[in-house]
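Please open the model in a viewer and keep the sequence at hand.

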Amino acid sequence: MQLKSFCNYPWTHFEVNNPNGDVTMCCDNHIVLGNVNKQSIREIWNGENYRKIRNDMLTKGANFVCSSECAVLKGFKSYQNLDWYKSLEDNSVMFLNAQENDKEISEGKLSLNTMPRWMRFAYSYICNLNCYHCYQKKIRKERINLSDNFIQQVLELSPYYQAIFYYGGEPFLYESTKRILNDSQLNSHCRHFFVTNGMLLDNEIFEILQKKEIGLISCSLDAATEKNYSILRKGGNWDKVLNNLGRIRDMKKTKNFTFTITLTVNSINALELDKFCDLSISFNAEPLLTLVNNPFGSLAFQEKYLHFSASQIDKMIEQIDKSIEKLKIYEYKDAIIIWQHTKQRIINHFKKENNLLKFFVKKTYNALKN
C-alpha cells in the first residue's frame with residue numbers, strides 16, 4: 001500500500017499572493033481559503049476552509065490536495081523549512097508558538113491554538129518595471145492593494161512569525177514593506193524574504209536589511225547581457241541592478257541567507273544560459289532557471305518568446321548540462337533540481353513534441369477554461 005504524502009503547510013503557512021485578498025496556504029496551491037478583505041486573519045486561520053484542507057491533507061495526502069507539479073513536493077524551496085527554530089535557546093512568543101504548532105501537527109489538530117508561522121503577501125501588483133512575460137499586467141491596471149487593516153493585523157501578529165515574505169509587483173516600491181520592517185513589535189528572530197527586481201535597493205533599504213534576519217533575497221534578472229536585459233525588462237538599468245547584486249553579495253558575507261538570481265528561458269536569452277550561470281555564481285548567488293510561462297499570453301507572445309529551432313534546443317540542453325556540473329561544485333541543490341526539471345520540460349515540450357504552438361494553445365485554453 002502506498003503511503004500518503006504529507007505537507008505541513010496547512011498548519012504553518014498563510015499566504016495572500018493576490019492583492020484582491022484571496023488567501024491560500026502556498027503559492028503553488030490555488031485553493032482559496034478565505035479573503036482578508038472580508039475576514040480577519042484569525043477567522044480565516046481556523047475557518048471552515050482551513051480546517052477542511054488540514055483534514056484532506058491528513059486523510060487523503062498531499063498528492064490529492066496539491067498539484068503533481070508542486071515545487072515543494074518535488075524538493076525545491078528548501079529555504080521554506082521552518083525547523084530552524086529548534087536551534088534557538090528561547091522562550092519568545094515565536095519559539096513557543098512554533099513548538100506548540102509542531103505538537104498540533106503531530107496530533108492532527110484541525111482547529112489551532114497557534115498562529116501562522118509563515119506570512120507571505122503581495123501588497124500590490126504595481127511595479128517599477130514592465131517585463132515581457134508578466135502575468136500581472138492586466139490586474140495591475142486596476143491599481144488595487146491590500147488594505148491598511150490587513151497590514152495592521154500582520155503587525156499585531158508579528159511576534160508569532162518565523163518568516164514574513166514580501167511579494168509583488170515590486171515589494172520595495174511599497175511603504176507597507178518599510179512599515180513592517182521598521183515596526184518595533186517584530187521579534188528579532190523573524191526572517192524576511194523578498195522577491196525583487198533589484199532596482200530599488202537604495203542605501204536606506206540596505207541599512208534596514210543589515211539589521212534584520214534575512215531568509216531569502218531572490219532577484220529576477222532574465223538575462224546575462226545588457227542588450228537582452230534591456231529588451232526583456234523595460235525600465236530597468238543594467239549597471240544599477242548589477243551594482244545592487246554586488247551589494248547583496250557583500251551583505252551575504254556577514255549574514256546567512258539564501259540569495260538567488262532567476263532567469264526565465266525564452267527565444268531571446270536561450271543561448272546565454274551558461275553565461276547566466278557564471279554571472280550568478282560571480283555574485284555568490286544560486287542561479288535558478290525556469291521555462292517562461294504566461295498562460296494568458298497571446299499566440300503572438302508564444303511565437304515571439306517560445307519558438308526555438310532544433311539547433312537552439314540542442315544548444316540549450318548542452319548549456320544546461322554544462323551548468324549543472326558547475327552547480328554540483330557549489331552544492332546548489334535546489335538549483336540543480338530546478339535546472340534538471342527545466343531541461344526535462346524543454347525536452348518534453350519542444351524536442352519530443354516538436355509542435356510548439358499546438359502545445360501552448362492547448363495550455364492557454366486549459367488555463368483560461370479553469
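Is K109 buried, partly exposed or exposed? The model is a predicted one, and in it K109 has a relative accessible area of 35%. Buried residues lie under 20% and exposed ones over 50%, so K109 counts as partly exposed.

**First stop: K109 and E107.** Select both residues. Their side chains meet in a salt bridge, with 3.2 Å from N to O. E107 is likewise partly exposed, because its relative accessible area is 43%. The count of salt bridges comes to 12, and the next stops visit some others.

**Second stop: E204 and K178.** Please select this pair, whose side chains form a salt bridge of 3.3 Å, N to O. E204 belongs to helix α9 (residues 203-210) and K178 to helix α8 (residues 175-181), so the pair ties together parts that are 26 residues apart in sequence. E204 is partly exposed at 41% relative accessible area, whereas K178, at 16%, counts as buried.

K328 is partly exposed, with a relative accessible area of 44%, and E325 is partly exposed at 46%.

Select residues 48-59. At 1.5 Å a residue, the 12 residues of this helix should span 16 Å, and the end C-alpha atoms are 16 Å apart, which agrees. Which residues of α3 are buried? They are Y50, I53, R54, D56 and M57. These residues cover an arc of only 160° around the axis, which means that they lie on the same side of α3. Among the elements that cover them are α1 (9-12), β1 (13-16), β2 (22-23), α2 (41-45) and α4 (62-65). Next, select K52, D56 and K60, which are linked in a network of salt bridges. After α3 comes G61, with a positive phi near 95°.

**Last stop: H13.** Select H13 in strand β1. At 0% relative accessibility, H13 counts as buried. What does H13 contact beyond its neighbours within four places in sequence? The residues in contact are M25, W45, Y50, Q80, L82 and W118; Y50 is also one of the buried residues of α3. Finally, display T12, whose side chain makes a polar contact of 2.6 Å with the side chain of H13.

Key. Residues numbered from 1 in each chain as written. Predicted model: local features only at pLDDT ≥ 70, side-chain atom pairs only at ≥ 80, totals over all residues. Heavy atoms only, no water. Helix = DSSP H or I, 4+ residues; strand = E, 2+ residues; numbered from the N terminus. Expected span 1.5 Å × (residues − 1). Buried < 20%, exposed > 50% of the residue type's maximum accessible area, 1.4 Å probe, protein only. Arc of directions from axis to C-beta. Contact = heavy atoms within 4.5 Å. Polar contact = N/O pair within 3.5 Å; in protein donor to acceptor, adjacent residues only side chain to side chain. Salt bridge = Lys/Arg side-chain N within 4 Å of Asp/Glu carboxyl O.
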